[in-house]
Amino acid sequence: MFDFPENDSISPALRALLELFATDLADVKFPDVDTAVLGESAAQVREKAEAVARAQAALDAARQVLNESQESLLQKGQRALAYAKVFAEDDAELGAKLEAIHLPRPTRKAGRAEGQPTAVEPVGMAPGSEENAPRRRGRPPKVRPVAGGTLFNESSNSPESLVGAQDESAGLQS
C-alpha cells in the first residue's frame, strides 16, 4: 500500500510501522490513528520534503549565479587595478594606495569548459608574495654532493690545477 522512494524523508523505523499498519494492522483502528491517518501524514511529510528539495535546488542555482557575478566583478576589478596602476605612475601617493590592494587571482581548473566559473584564491593572496604562499608539501629533495668537486669549482677544475695535477703525476711516475 505504501510506496517508499529510495531517498525517503521518513525514517526506517516509521516506514516499518507504516508497513505494519498497511498489512498486519490494516483493519485495526485506534483513537485518532489508523492506516489512513498515518498514510495522510506520511504524504504530507513527503510533500514538505519535496518543497525543501526544490528550495535547495533554487538556493544552489542562486549561489551559482552569485559566484559567477563575483567572478565577473573580480575580473573587472583586476583590470581596473592594472589600469589604475599605470595611470598612477607619476603619483607616488596614489601608487602606494594601489599597491596596498591585493586582489585574488582566478585559477583555471583543468578541463574547464567555456562559460563555467573559475575558482578564486582566498582573499589576501598577493601574487609573488612568499609569506602568503602555501607551503610545499612533502619532503624536500635530496642534495647529493658531487665527488671531486663541482664542475665550476675553481680549485678542482681550473686549468692551473689540472696542469699542476699532471706535473705531480708525472713526477710520481719517474
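**Exercise 1. Find out whether Glu 47 is buried, partly exposed or exposed.**

Step 1. With a relative accessible area of 52%, Glu 47 counts as exposed. The cut-offs are these: buried is under 20% relative accessible area, exposed is over 50%, and partly exposed is in between, using a 1.4 Å probe and protein chains only.

Step 2. Now place the residue: Glu 47 sits in helix H2. Helices here are DSSP runs of H or I with at least four residues, strands are runs of E with at least two, and both are numbered from the N terminus.

Step 3. Look across to Ser 9. Glu 47 and Ser 9 are 38 residues apart along the chain, and their C-alpha atoms are separated by 9.7 Å.

A word on what you're looking at: this is a predicted model, where local features need pLDDT of at least 70, side-chain atom pairs count only at pLDDT 80 or more, and totals for chains, interfaces and linings use all residues. Residues are numbered from 1 along each chain as its sequence is written, and side-chain values use heavy atoms, with hydrogens and water left out.

**Exercise 2. Sketch the chain as a whole: which elements does it have, and in what order?**

Step 1. Count the elements: the chain has 5 helices and 2 strands.

Step 2. Starting at the N terminus, they run α-α-α-β-β-α-α.

Step 3. Check how much is tucked away: 14% of the 174 residues are buried.

Step 4. Look at the contacts, meaning heavy atoms within 4.5 Å. Take those between residues at least 6 apart in sequence, and 31% of them join residues at least 24 apart.

**Exercise 3. Work out which residues make up the largest nonpolar core, and how H1 and H2 meet.**

Step 1. Recall the term: a nonpolar core is a set of buried Ala, Val, Leu, Ile, Met, Phe, Trp, Tyr and Cys residues joined through side-chain atoms within 4.5 Å.

Step 2. List the members. The largest one holds 5 residues: Ile 10, Leu 18, Phe 21, Leu 38 and Ala 42. Two elements each give two or more residues to this core, namely helix H1 (12-22) and helix H2 (35-87).

Step 3. Zoom in on Leu 38. Setting aside residues up to four places away in sequence, Leu 38 touches Leu 18, Phe 21 and Val 33.

Step 4. Compare the two helix axes, which come within 9 Å and cross at roughly 145 degrees. Axes are lines fitted to C-alpha atoms, for helices over the stretch in contact, and the angles run from 0 to 180 degrees between N-to-C directions.

Step 5. Name the residues that touch: H1 brings Leu 18, Phe 21 and Ala 22, while H2 brings Thr 35, Leu 38 and Ala 42.

**Exercise 4. Explore the loop between H1 and H2 through Leu 25 and Asp 32.**

Step 1. Begin with Leu 25, which lies in this loop and is partly exposed at 29% relative accessibility.

Step 2. Find its partners. Apart from neighbours within four places in sequence, Leu 25 is in contact with Leu 20 and Thr 35. Leu 25 and Thr 35 are 10 residues apart in sequence, with 7.9 Å from C-alpha to C-alpha.

Step 3. Asp 32 is exposed, at 71% relative accessible area.

Step 4. Check the backbone angle: Asp 32 isn't a glycine, yet its phi is positive, about 65 degrees. Most residues other than glycine have a negative phi.

**Exercise 5. Track down the salt bridges: how many are there in the whole structure?**

Step 1. Know what to look for: a side-chain nitrogen of Lys or Arg within 4 Å of a carboxyl oxygen of Asp or Glu.

Step 2. Search the whole structure, and you get 2 salt bridges.

Step 3. Take Lys 85 and Glu 99, whose closest N and O atoms are 3.9 Å apart. This pair links distant parts of the chain, with Lys 85 in helix H2 and Glu 99 in helix H3 (residues 92-99), 14 residues apart. Lys 85 is partly exposed at 31%, and Glu 99 is partly exposed at 46%.

Step 4. Take Glu 93 and Lys 97, which meet at 3.8 Å, N to O. They're separated by about one helical turn because they are 4 residues apart in helix H3. Both Glu 93 and Lys 97 are exposed.
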